[in-house]
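Subject: Structure handover and notes

Hello,

Please find the structure below, for your files. My notes come after it, in an order you can follow with the viewer open.

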Amino acid sequence: MKAAVIESVGKAVVAEVPDPTPGPREVVVEVAACGLCGTDLHILQGEFAPELPIVPGHEFAGEVVGVGRQVTELSVGDQVAVDPSLYCYECRYCRDGHNNMCERWAAIGVTTAGGAAQYAVAPVANCVKLPEHVRTQDAALIEPLSCAVRGYDVLNSRLGAHVLIYGSGTMGLMMLELAKRTGAASVDMVDINPQRLTTARQLGVSASATSADELDRPQGWELVIDATGNAAAIQDGLERVAKAGTFLQFGVADYATRVSIDPYRIYNQEITITGSMAVLHSFERAAELFSTGVLDPNVFISDRLPLDQYPQALEQFAKGIGRKTVVIP
């Protein structure tokens, strides 16, 4: 079969690889669409993936075309979205309910072959069957949405909060949509990319700007969310949190990224700084939300490119062009 392969640091190609074979409790999915993510760029830079080469792609959906001998939950022809998370269920973190902190953490498309291919294999337990009205080419959005749902689980946000989001890419826009539905009094957004801010305004952001200095909230925001991973944005956001407010590190920063904090202010103003890593007990809920139309795929997916153009799609994504890019095998 044809698949995208990150062969070495900085090098992605499209090549022929062996067809996957399902284990007893696995299924083979014919991929309808696979989304690109900042994690894929980190893998390209030599981070996250324990070894290369790897077939990337942890955001994907498609049709079941093969099942292992012990699979009874799904049948050939079922349309599914795939949770890429692979846990050991044995370590202290898994036993404590923090599976995303698993000591043996792994993921489809990061540590094992993923969905940037014609076919991908996944445990049946990781597959969520989709209702008939959901297009599988759109359902690649469910995985990033599940990360956003996890982010809001961490926030424990209250009704009437004023929210500031840094970054109006896919994840920032998803956090915007969730903030609107969790009773935020206002949702403001900062981004240096004016085209992306246009999309934020289309989705009903309260105010948008290229700098938080342009926004009228001198007392700060109760919830500040970084969806960029950029050091300058993170540093600025930390300084915009209102008293008793919360800062969520949601964007994936490079390993070497560093910012400064003010310990006395954190103590004196009871500011919470927290993070949200990937998916945790949120994939099924994201699928439910997606099936109700919480996201408009035509707004969120800006580019649908053939799998043959995967290297070019990565380059385009790295330049910040468009919103969510998916490849179609």
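What follows is a description of the chain as a whole and then of some individual residues.

This is a predicted model, in which local features need pLDDT of at least 70 and side-chain atom pairs count only at pLDDT 80 or more, while totals for chains, interfaces and linings use all residues. Residues are numbered from 1 along each chain as its sequence is written, and side-chain values use heavy atoms, with hydrogens and water left out.

Overall build

The protein chain has ten helices and 17 strands. Both are DSSP runs numbered from the N terminus: helices are H or I with at least four residues, and strands are E with at least two. The C-alpha trace spans about 60 × 40 × 40 Å along its principal axes. The radius of gyration of the protein chain is 20 Å, which agrees with the value near 20 Å for a compact globule of 329 residues. That radius is taken over C-alpha atoms, and the globule rule is 2.2 Å times the number of residues to the power 0.38.

Of the 329 residues, 54% count as buried. Here buried means under 20% relative accessible area, exposed means over 50%, and partly exposed is in between (1.4 Å probe, protein chains only). The chain exposes about 14800 Å², of which carbon and sulfur atoms supply 49%; the areas come from the Shrake-Rupley method with a 1.4 Å probe, and for residues only the protein chains shown count as cover.

Among contacts in the protein chain with a separation of 6 or more, 69% are between residues 24 or more positions apart. A contact means heavy atoms within 4.5 Å.

There are 25 positive and 39 negative charges, and their mean positions are 3 Å apart. Lys and Arg count as positive and Asp and Glu as negative, with His and the chain ends not counted. Each charge is placed at NZ of Lys, CZ of Arg, CG of Asp or CD of Glu.

Aromatic pairs

The count comes to three aromatic pairs. Rings of Phe, Tyr and Trp (its six-membered ring) pair if their centres lie within 6.5 Å; planes under 30 degrees apart count as stacked, over 60 as edge-to-face and the rest as tilted. One of the pairs is Phe-48 with Tyr-255, tilted, at 5.9 Å centre to centre and 45° between the planes. This pair links distant parts of the chain, 207 residues apart: Phe-48 is in the loop between α1 (38-44) and β4 (59-67), and Tyr-255 is in the loop between β14 (241-249) and α7 (263-268). Phe-48 is partly exposed, at 32% relative accessible area.

Tyr-87 and Tyr-89 also form a pair, edge-to-face, at 5.9 Å centre to centre with 80° between the planes. Tyr-87 counts as buried at 18% relative accessibility, whereas Tyr-89 is exposed at 58%.

In helix α10 (residues 310-318), the buried residues include Tyr-310, Leu-314 and Phe-317. Their cover includes β1 (2-8), β2 (11-16), α1, β16 (301-306) and β17 (324-328).

Phe-60 lies in strand β4 and is buried, with a relative accessible area of 1%. Leaving aside neighbours within four places in sequence, Phe-60 is in contact with residues including Val-31, Cys-34, Val-82, Ile-108 and Ala-140.

Backbone points to check in the viewer

The peptide bond from Leu-52 to Pro-53 is cis, with omega near 5°. Pro-53 lies in the loop between α1 and β4.

Ala-244, in strand β14, has a positive phi near 65° although it is a residue other than glycine. Ala-244 is exposed, at 57% relative accessible area. His-281 is not a glycine either, and has a positive phi of about 50°. His-281 lies in the loop between β15 (272-275) and α8 (283-291) and is exposed, at 54%.

Asp-236

Asp-236 is found in helix α6 (residues 231-238) and counts as partly exposed at 22% relative accessibility. Not counting residues up to four places away in sequence, Asp-236 touches Tyr-166 and Ala-212.

Regards
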